[in-house]
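Take a look at the chain below. Keep it in view while you read the report.

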Amino acid sequence: MQPAIGVVVYQSQHLVDGLLVALSRRLRQRGLRLAGLVQHNEDDACTACGHMALEDLATGRLVPISEQRGRGARGCRLDAQGLATSAGLAAAAIGSDRVDLVILNKFGKAEAEGRGLRDEFGLAVGRGLPTLTAVGEALLPAWRSFAGEDWQVLEPSLEALEAWCLAQVADEARAAERITGGITW
């Protein structure tokens, strides 16, 4: 069975980050078992780069991923250690048997360059798990090169994303029912 991959194409990363955080909260309230990462952003008027952290959806743990470079810094720097820690947490959860859906906050520059969460995308898809992510318009060619064409562009609204996620989980449950013949162990 081909895994379902949903993609939110965005222009503003901060807006899509907030959308995925809100979605993950809603899905957990519905009892879905999530794996992956969503990004939390805190604006900081004193620096050019606000505080960024990734939330491990399986545990709720927040891992800082932005280097604090001081007042005069221009631009942001990703904390490679924080990203590696987050990736390890996500991989462990994706590899478990207790996952309904994977959300990976974005396929960004690091992933386009062969780093970042690229392995975690592969793990989720390889396990046949429904996977949701976001891709910036500028990185669509790199995404297509990585993922091919077997994915669906989703409307960037909470309701549309929630409906897609719930439909994917329902499809997976129906497939499991067919495989087991309705037998519960």
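**The chain as a whole**

The model is predicted. Its average pLDDT is 87, and 83% of the residues score at least 70. Among the elements of the chain, β6 has the highest mean pLDDT. Helix α6 has the lowest. Where pLDDT is low, the predicted coordinates should not be read in detail.

There are six helices and seven strands. Along the sequence they follow the pattern β-α-β-β-β-α-β-α-α-β-α-β-α. The chain has 185 residues, and 43% of them are buried. Take the contacts with a separation of 6 or more: residues 24 or more positions apart account for 64% of them.

Helix α4 spans residues 118–126. Three of its residues, Glu 120, Phe 121 and Ala 124, are buried. They cover an arc of only 105 degrees around the axis, so they lie on the same side of α4. An α-helix has 3.6 residues a turn, so residues three or four places apart point the same way. On the other side of α4, Asp 119 and Gly 126 are exposed.

What covers the buried residues of α4? Several elements do, including those in this table.

| Element | Residues |
|---|---|
| α2 | 80–94 |
| β5 | 101–107 |
| α3 | 109–112 |
| β6 | 131–136 |
| α5 | 140–147 |

After α4 comes Gly 128. The phi of Gly 128 is positive, near 75 degrees.

**How α2 packs on α4**

Two packed helices are described by the angle between their axes and the distance between the axes. For α2 and α4, the angle is about 5 degrees and the axes are 10 Å apart. That angle makes α2 roughly parallel to α4. On the α2 side, the contact is made by Ala 87, Ala 90, Ala 91 and Ile 94. On the α4 side, Glu 120, Leu 123 and Ala 124 take part. Six residues of this contact are nonpolar, one is charged and none is polar.

**A serine in α1**

Ser 24 lies in helix α1, which runs over residues 13–29. Is Ser 24 buried or exposed? Its relative accessibility is 0%, so Ser 24 counts as buried. Which residues does Ser 24 touch? Leaving out residues up to four places away in sequence, Ser 24 touches Leu 34, Val 38, Leu 57 and Ile 103.

Technical notes: Residues are numbered from 1 along each chain as its sequence is written. This is a predicted model: local features need pLDDT of at least 70, side-chain atom pairs count only at pLDDT 80 or more; totals for chains, interfaces and linings use all residues. Side-chain values use heavy atoms; hydrogens and water are left out. Buried means under 20% relative accessible area, exposed over 50%, partly exposed in between (1.4 Å probe, protein chains only). Helices (H or I, at least four residues) and strands (E, at least two) are DSSP runs, numbered from the N terminus. The arc is that of the directions from the helix axis to the C-beta atoms. Contact means heavy atoms within 4.5 Å. pLDDT is the predictor's confidence in each residue, from 0 to 100. Axes are lines fitted to C-alpha atoms, for helices over the stretch in contact, and angles run from 0 to 180 degrees between N-to-C directions. Angles under 35 degrees count as roughly parallel, over 145 as roughly antiparallel, 65 to 115 as roughly perpendicular and the rest as oblique. Ala, Val, Leu, Ile, Met, Phe, Trp, Tyr, Cys and Pro count as nonpolar, Asp, Glu, Lys and Arg as charged, and the others, Gly among them, as polar.
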